[in-house]
Amino acid sequence: IDKILEHLGLLRRPRKGECVGSTRVEHLGVVIDIELGKFLISSRKIDKIRKMAGQLLTESRYGRRWVSAKRMRTFIGTCVSQ
């Protein structure tokens with residue numbers, strides 16, 4: 001890496017540079033784990049989906065199994081985006 005940077009005319013200060021970055025990062029509700037080689041859903045997103053599912057079930061109980069199409073689209077979109 002140092003040779004490539006040097007070839008490009010860039011210098012890295014050894015005390016400030018870091019060759020190995022983070023191996024686990026959360027971005028847009030998805031945890032990216034490089035060591036495991038997996039994308040994981042964060043616990044916040046899982047809680048959000050559970051809460052939305054509970055609200056839909058409650059709505060279906062009081063609406064004789066009917067739920068709002070808009071709310072269903074929002075719920076499905078949230079699940080799919082994970």
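Start with the sheet. It is open, has 3 strands in the order E1-E2-E3, and the pairing is antiparallel. Strands here are DSSP runs of E, at least two residues long, numbered from the N terminus. Two strands pair if DSSP finds at least two bridges between them. In general, strands of a sheet pair through backbone hydrogen bonds, parallel or antiparallel.

Now the edges. Strand E1 (24-27) and strand E3 (38-41) each have a single partner strand, so one side of each has no neighbour in the sheet. From one strand to the next, the twist averages 25 degrees. That angle is taken between N-to-C directions, from 0 to 180 degrees, with axes as lines fitted to C-alpha atoms.

Look at one pair. Strand E2 (residues 30-33) and E3 are antiparallel, over 4 bridges. Val31 stands opposite Leu40 in E3.

A word on the source. This is a predicted model: local features need pLDDT of at least 70, side-chain atom pairs count only at pLDDT 80 or more, and totals for chains, interfaces and linings use all residues. Residues are numbered from 1 along each chain as its sequence is written, and side-chain values use heavy atoms, leaving out hydrogens and water.

Step back to the whole chain. The pattern along the sequence is α-β-β-β-α-α. Helices are DSSP runs of H or I, at least four residues. The C-alpha trace spans about 70 × 20 × 20 Å along its principal axes.
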